[in-house]
2 protein chains.
Amino acid sequence: MDKGGAPGGGETLLFLTDEQLRQGIEAVFFAYRGFTADPDRILEAKGYGRAHHRAIHFINRAPGTTVNNLLAILGVTKQSLNRVLRTLIEDGLVESRIGRVDKRERHLFLTPKGEDLERALSDAQRARMRAAYRAAGPAAVAGFRQVLEAMMDPEQRSQYLSLREGGGNG
Amino acid sequence: MDKGGAPGGGETLLFLTDEQLRQGIEAVFFAYRGFTADPDRILEAKGYGRAHHRAIHFINRAPGTTVNNLLAILGVTKQSLNRVLRTLIEDGLVESRIGRVDKRERHLFLTPKGEDLERALSDAQRARMRAAYRAAGPAAVAGFRQVLEAMMDPEQRSQYLSLREGGGNG
DNA sequence: TTGGAAAGTCAACAAGGCTGACATAAAACG
DNA sequence: CGTTTTATGTCAGCCTTGTTGACTTTCCAA
């Protein structure tokens, strides 16, 4: 439990007590609840869950992505994803097109109806992020992103970064 | 979709494009996976889940807390918590003592065995947080915490802050 | 003392993870 | 061409962890 601001052992480059770390852990816990609260309300009204949200988000992010691709990003089994995808396709939110070059693949797209829901969900989530960013200020935002990136597993981080490349300006 | 760094409408105090906000959202998504990955491995080996982790964490944080108290912090129904609590009590990780003043209440404590698991879980999680904090640097950590706090719902934020008061130095 | 409120427990159901087994179609390989 | 591998989908069944409803015990106040 080193409490000192003075670097004690060469292991302590930052002022990091167990208590501070625990507060960081709890902050992530509570913040994540806030992060999902708004979309959850919208989804519940339509009879969907977070699993549907995640699928819709990443299909919108990378239109034409294959099922296998989505599987890797979401980190779930195909059986689990398929259940969600099936309902989205049946409900006319997602379209699944057979690949032209490789006919085994299914390329996934949002329909206009799917885009509507995606917009509703991401508007709600962005509004909260925007408010948080504004309240904290630009310097805090940069730090926020740095720590989040450092918290990811290496594999997740490279997935995240490759999405950034495809997605637009930094 | 204002892209300019120049403040356009008085609403834009920061340089916040939809794309930047979306990257923030995805960063939270991927980082949360990393955040839970280490404890999840430990829990799985013992046959527990995240719900057990959360209960253990907050019982350790506030020993003697009542079931109702824990309910408010965790934001689940008492029936849901009860199932988790029952297995933890049966397995000898948590002790439930009937309240002396109000016999309806159950006060919850970790047993030595429960403290062992708590330590294993929080060591793993703190190690990741520490690494992320070190990689990002002190200024980033401050910003990280600011944004997380701003992301919480007001009710969650006050719960979070009251835990901080009880817990030690900031 | 009686009725309501509060704390906790039991039962049953749903979402969404998981594994395993299997089917089909297409591609890749030899 | 025949075989194997890959991509996808499906069925069945299990687990965790949320939910609601019904119930008991306890406390308190009228």
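**Note on the predicted model: sheets, core, chain contact and DNA surface**

1. In this predicted model, S96(A) stands opposite L108(A) in β3(A). Strand β3 (residues 106–110) of chain A pairs with β2(A) in the antiparallel sense over 5 bridges. Two strands count as paired if DSSP finds at least two bridges between them, and both helices (H or I, at least four residues) and strands (E, at least two) are DSSP runs numbered from the N terminus. In general, strands of a sheet pair through backbone hydrogen bonds, either parallel or antiparallel.

2. Residues are numbered from 1 along each chain as its sequence is written, while chains are lettered from A and ligands numbered from 1 in the order in which they are written. Because the model is predicted, local features need pLDDT of at least 70 and side-chain atom pairs count only at pLDDT 80 or more, whereas totals for chains, interfaces and linings use all residues.

3. The open sheet of chain A has 3 strands in the order β1-β3-β2, with antiparallel pairing. Its edge strands, β1 (65–66) and β2 (94–98) of chain A, each pair on one side only.

4. In chain B, strand β2 (residues 94–98) and β3(B) are antiparallel and share 5 bridges; E95(B) has F109(B) as its bridge partner. Strand β1 (residues 65–66) of chain B is joined to strand β3 (residues 106–110) of chain B by 2 bridges, again antiparallel, and T66(B) is partnered by H107(B).

5. The largest nonpolar core has 39 residues, and those with the most contacts inside it are A31, V147 and M151 of chain A and A31(B), V147(B) and M151(B).

6. M151(B) touches A31(A), G34(A), F35(A), R128(A) and A132(A), leaving aside residues up to four places away in sequence. Contact here requires C-beta atoms, placed from the backbone, within 7 Å. The contact between the chains takes 57 residues from chain A and 58 residues from chain B. On the chain A side, α1(A) gives the most, with 17 residues.

7. Around DNA strand C there are 22 residues, of which G49(A), A51(A), V76(A), T77(A) and V67(B) come nearest; a residue is near if its C-beta atom, placed from the backbone, lies within 6 Å. α4(B) gives the most to this surface, with 4 residues.

Terms used:
Core = buried A, V, L, I, M, F, W, Y, C linked by C-beta atoms within 7 Å. Buried ≥ 20, exposed ≤ 12 C-beta atoms within 10 Å, placed from the backbone. Contact = placed C-beta atoms within 7 Å.
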